[in-house]
Structure formats: structure tokens, C-alpha cells
Amino acid sequence: MTAGKDIAKVGRRRMIVLIPLLIFLGLAVLFVIRLNAGDPSLIPSALIGHPAPATSLPPVAGLARDGTPVPGLDPAAFQGQVSVLNVWASWCVPCHEEAPLLMQLAQDKRIRVIGINYKDQADNARRFLGRYGDPFVANGADENGRAAIEWGVYGVPETFVVGRDAHIAYKLIGPITPENLEAVLKPEIEKAIAAGG
């Protein structure tokens with residue numbers, strides 16, 4: 001009878017050791033799977049194919065081009081022409097790296113580049129654009145982050161392609177790079193231009 005009790009005790013001790021080990025191994029496997037899941041910028045947006053949010057924002061205070069104030073964000077700006085909307089901030093390090101690429105995109109007269117300046121101070125935003133150039137035909141000041149939430153922004157920078165019909169055609173999470181500009185963003189812009197609408 002004591003031998004049976006001893007065997008039961010040994011079995012319980014093994015289970016006490018094995019259960020945490022199995023939980024740890026399960027979590028480790030899950031971690032490795034998520035680590036190798038691919039590019040996080042490929043997270044699909046629920047807004048693709050839907051109308052762009054009807055977000056109105058005031059202009060970045062004091063921002064002007066050729067002596068004319070740069071307007072804020074008006075939902076009507078997305079009608080009739082393909083737009084590239086970039087969510088940016090002067091404090092965002094990757095935004096500094098993508099700024100020259102946005103200037104390059106702004107040279108394409110078939111599109112308009114529009115900005116949402118996210119949780120930034122107007123003087124810092126003006127200095128940023130003074131340093132890198134201002135690609136934006138309109139630039140709304142999202143001081144409290146409400147507009148970014150409406151657009152489903154995970155973090156800055158993010159870039160959207162909006163078709164002539166004011167529907168979101170594509171979303172790029174993270175900074176524009178020379179590689180994804182040529183391989184992804186420009187082809188998506190071309191698709192939106194070809195789609196008409």
C-alpha cells in the first residue's frame with residue numbers, strides 16, 4: 001500500500017514539473033511563429049475599399065507656401081484626383097528619412113500629396129517642412145490624435161492611397177523607403193490612377 005502512495009507522489013511531482021515546462025514550450029513556439037510571420041507593414045486595413053473618413057482638420061498654424069496659407073484637411077479634397085495621404089510628425093525619426101521620397105512623389109502632377117500632422121507643435125512642423133521641403137497641398141493639424149484613430153493609424157508614419165472616388169485603395173504601414181516606393185507604393189498609385197472612378 002505504501003508503494004502505491006509513493007508512486008502516486010512521484011507522478012504528481014512529475015506533473016508539477018511538466019505542466020509549467022509544457023506551458024513555456026507552447027509560448028516559445030507561439031513566439032517563434034509570430035516572429036517569423038512576415039512584414040508587419042502588410043497588416044491589412046479594414047478601411048481599404050471603403051470611403052476615406054470624413055475628417056476635417058484645421059491647417060498647421062502659420063504654414064504657408066509662396067505667401068499663401070496651406071489649407072487644412074477637407075474631406076472634399078479627395079474627390080476627383082488620386083491622393084496620397086501621409087500621417088507624419090516632426091518628432092518621428094522615420095518621417096525624417098521618408099521626407100525626400102514624399103518630395104519626389106509630389107512631383108507627379110497626376111496625384112496630390114496631403115498630410116496629417118500628428119500630435120505635433122506647429123512651430124516644429126514648420127521647421128521640419130522648412131528643412132526637408134513641403135510636399136503637401138493640404139496639411140491638417142491632428143493635435144489630439146482623433147483623425148489618426150478615424151483613419152485606423154497604428155503609428156507614424158503611415159501612408160494611404162485614396163482613389164478619385166475618395167475610397168481608400170491602399171495603406172502602407174511604416175515609412176516610405178526607396179525599396180517600397182518603387183516596388184509597392186508607385187504600383188498602387190498607378191493602379192488607382194488606372195482605375196479612374
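Visitor: What should I know about numbering and confidence before I start?

Guide: Residues count from 1 along each chain as its sequence is written, and side-chain values use heavy atoms, with hydrogens and water left out. The model is predicted, so to speak: local features need pLDDT of at least 70 and side-chain atom pairs count only at pLDDT 80 or more, while totals for chains, interfaces and linings use all residues.

Visitor: How many residues does helix H5 have, and what span should they give?

Guide: Helices here are DSSP runs of H or I with at least four residues, strands are E runs with at least two, and both are numbered from the N terminus. The expected span is 1.5 Å times one less than the number of residues. H5 has 18 residues (178-195) and should span 26 Å; its end C-alpha atoms are 25 Å apart, which agrees.

Visitor: Where is the kink in H5?

Guide: A bend is the angle between axes fitted to the seven residues ending at a position and the seven starting there. In H5 the kink is about 35°, at Leu185, shortly before Pro187.

Visitor: Which residues of H5 are buried?

Guide: Buried means under 20% relative accessible area, exposed means over 50%, and partly exposed is in between, using a 1.4 Å probe and protein chains only. In H5 the buried ones are Asn180, Leu181, Leu185, Glu188, Ile189, Ala192 and Ile193. Their packing partners include helix H2 (93-106) and strand S4 (111-118), where contact means heavy atoms within 4.5 Å.

Visitor: And at which residue does H2 bend?

Guide: At Ala99, by about 40°, with Pro100 following within four residues. The 14 residues of H2 should span 20 Å, and its end C-alpha atoms are 21 Å apart, which agrees. Its buried residues include Cys95, Glu98 and Ala99, and their cover includes S3, S4, H3, S6 and H5.

Visitor: How do I read the empty spaces?

Guide: Rolling a probe the size of a water molecule over the atoms shows where empty space is left. On a 1 Å grid over the protein atoms alone, a cavity is a set of points where a 1.4 Å probe fits but cannot get out; a pocket is an open set with protein on both sides within 12 Å along at least five of seven lines; lining residues have an atom within 4 Å of a point. Points join across faces, edges and corners, and volume is the space filled by probe spheres set on them.

The structure holds one cavity of 30 Å³ or more, and the largest cavity has about 60 Å³ of space. H2 gives the largest share of that cavity's lining, five residues.

Visitor: What volume does the largest pocket have, and what lines it?

Guide: About 170 Å³. Its lining includes Arg65, Met103, Asp108 and Lys109, and S4 supplies the largest share, three residues. By class there are six nonpolar, one polar and five charged residues. Nonpolar covers Ala, Val, Leu, Ile, Met, Phe, Trp, Tyr, Cys and Pro; charged covers Asp, Glu, Lys and Arg; the others, Gly among them, are polar.

Visitor: Where is Trp91 found?

Guide: In the loop between S3 and H2. Trp91 is partly exposed, at 47% relative accessible area. Leaving out residues up to four places away in sequence, Trp91 touches Tyr118, Lys119, Asp120 and Val156.
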